[in-house]
Amino acid sequence: MNERHQVAIAGMGLAALTTAARLTELGITEIALYANGFGGTPYIAAINFVLPDNPYGDTPEQYCEDMIHAGYEIGNRELVQDMARHTVEGYELLRRWGVTFAHNADGSIKLRHVSGHTYPRSLCQTTELIGEEIMKVMLPKLEAAGVKIYRNCQVVDLLTEQGAVAGMTVQEQGKLRQVYAPVVVAAWGGAGNLLGKSTYPGDIQGNTLGIAKKAGAEMVDMEFMEFEPLVILDPPGAAGEPSPTAMLGEGGYLRNAEGERFLLRVRPQGEAGASKSLINREAWKEVQAGKGSPHGGVYLDLRHVDRAVLKSYPWFFDRLMRSGCDPNEQQLEIGPMVHSFSGGIQVNLDYASNVPGLYAVGEACGGIHGACRCAGNAGSQAALSGMLCAEGIARNGVPGKAPQEQPVTYREDLAARERLLPKVREIGAGALGIYRSGKELAAAGEALDALLQSGELRADSFTEQSALSIRMILQAALNRRESRGTHNRLDYPEMDPAYEREFTI
């Protein structure tokens with residue numbers, strides 16, 4: 001049976017939840033969420049907010065400047081300013097919907113100092129990941145408020161009608177059906193596992209970039225793939241676990257195989273607050289110089305960090321201890337892994353795209369992070385973009401005209417997918433690592449073009465969408481003939497002032 005709603009939200013993570021929560025508060029009804037998972041939300045360790053009673057003199061203006069600086073000066077300043085000045089409202093929205101944050105012994109709210117930030121402004125929990133609490137408290141409250149939540153439903157396509165969004169195609173238990181809505185919010189995450197192994201959960205596949213493009217959406221910042229620098233490489237039992245960058249704010253050191261704190265050469269003030277792109281670049285240099293760890297990374301030294309502090313990150317500390325590694329006794333081998341994506345659908349201050357009725361929030365939209373993301377900003381961007389998007393929808397109004405019914409055009413051929421998808425991903429992964437070259441990017445683009453033009457991929461829409469997603473990233477990476485933030489070109493190793501701007505696809 002085909003459903004109809006005023007607002008259909010593709011996703012069930014924090015950005016989707018805050019969109020639905022604020023829409024409900026604003027009196028908009030007939031809201032539904034569709035997803036087969038919660039994206040990265042259960043793994044959110046912290047959310048950055050500037051609260052008025054912080055003891056550091058922190059301000060929304062400083063937060064904005066930190067984001068612009070971490071993004072190598074090319075983030076959309078209007079979007080960043082708007083996000084920064086609404087952090088208190090975002091915090092209060094989460095509190096209204098039952099989310100609680102850790103406090104210090106004196107009753108003040110606990111603030112951690114994470115990479116890319118001038119001051120501690122990262123809110124958290126110390127007994128579990130804050131993302132786990134968000135899911136536990138917000139989902140039942142939304143359902144009680146009348147929001148329909150369709151679990152185990154994968155959004156596989158967008159519907160358009162005369163250039164405007166008309167709804168979505170969803171798949172549930174192998175069956176396809178249409179969902180009609182004059183407003184659709186893309187809250188489906190970013191590139192995910194599009195290029196293979198990453199820190200993303202399995203429900204984020206990255207084909208959604210291709211879905212948006214086929215619907216006519218303009219895309220921005222597609223070249224900027226974030227590699228998390230502190231992913232555990234050893235011990236084996238903890239391999240793949242991202243170490244919180246807050247560990248550097250807690251006093252952790254980065255060392256090479258000779259025991260040197262190599263980051264001090266370029267950042268004398270120490271590791272705390274260092275951007276992820278800087279850490280990745282300097283660690284890569286150590287590996288290239290033969291000073292890396294046995295598994296191709298460097299070392300994170302937490303041996304001197306107070307044990308009570310380490311235990312306040314239980315998801316991290318407990319996994320290390322279960323794997324037989326005591327961080328107070330031995331160093332950890334760490335290295336980079338695909339972790340997040342700064343590109344996506346280009347939006348305005350209402351988080352509306354160029355396609356009428358299509359909005360995008362969280363990691364589905366681009367423009368906030370520029371060339372590199374401040375640590376912890378995934379959570380704050382998700383919460384604040386969802387809230388601001390809901391207010392934009394309320395301002396713009398929900399179109400009264402009901403979309404017309406359409407036949408399902410999504411194609412599924414699992415045999416073709418099994419044969420072709422690994423080839424598509426391998427083409428992308430081979431050219432889109434931390435370090436890129438124009439020759440490899442161009443060759444990968446030509447290889448994908450040949451597959452797309454042959455018509456071979458049309459048998460399976462998911463594979464075709466994935467190829468389109470990768471093709472856009474390749475093109476954006478080829479267009480940016482410089483190195484900036486998370487985008488590093490071996491053939492253009494320096495930043496070029498001529499490229500201090502965003503590119504759209």
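**Entry 1: cavity.** The term covers a set of points, on a 1 Å grid over the protein atoms alone, where a 1.4 Å probe fits but cannot get out. I noted about 70 Å³ of space in the largest cavity; a volume here is the space filled by probe spheres set on the grid points, which are joined across faces, edges and corners.

**Basis.** I am working with a predicted model, in which local features need pLDDT of at least 70 and side-chain atom pairs count only at pLDDT 80 or more, while totals for chains, interfaces and linings use all residues. Residues are numbered from 1 along each chain as its sequence is written, and side-chain values use heavy atoms, with hydrogens and water left out.

**Entry 2: lining.** I then listed the residues with an atom within 4 Å of a cavity point. The lining of the largest cavity consists of Met-225, Glu-226, Phe-227, Ser-277, Asn-280, Arg-281, Ile-434, Tyr-435, Gly-485, Thr-486 and Asn-488. Two or more lining residues come from each of β12 (225–234) and α8 (276–288); these elements are DSSP runs numbered from the N terminus, with helices being H or I of at least four residues and strands E of at least two. By class, I recorded four nonpolar, five polar and two charged residues in this lining.

**Entry 3: salt bridges.** Side chains of opposite charge can pair when their charged atoms come close. I counted 34 salt bridges, each requiring a side-chain nitrogen of Lys or Arg within 4 Å of a carboxyl oxygen of Asp or Glu.

**Entry 4: a pair within α8.** Glu-282 forms a salt bridge with Lys-285, with 3.3 Å between the closest N and O atoms. Both residues lie in helix α8, three residues apart, about one turn of the helix. Glu-282 is buried at 6% relative accessible area, and Lys-285 is partly exposed at 40% (buried is under 20%, exposed over 50%, partly exposed in between, with a 1.4 Å probe and protein chains only).

**Entry 5: a pair between helices.** I found Asp-449 and Arg-471 meeting in a salt bridge at 2.8 Å, N to O. Asp-449 belongs to helix α13 (residues 438–454) and Arg-471 to helix α14 (residues 461–479), so the pair ties together parts that are 22 residues apart in sequence. Asp-449 is partly exposed at 24%, and Arg-471 is buried at 18%.

Notes
On a 1 Å grid over the protein atoms alone, a cavity is a set of points where a 1.4 Å probe fits but cannot get out, and a pocket is an open set with protein on both sides within 12 Å along at least five of seven lines; lining residues have an atom within 4 Å of a point. Ala, Val, Leu, Ile, Met, Phe, Trp, Tyr, Cys and Pro count as nonpolar, Asp, Glu, Lys and Arg as charged, and the others, Gly among them, as polar.
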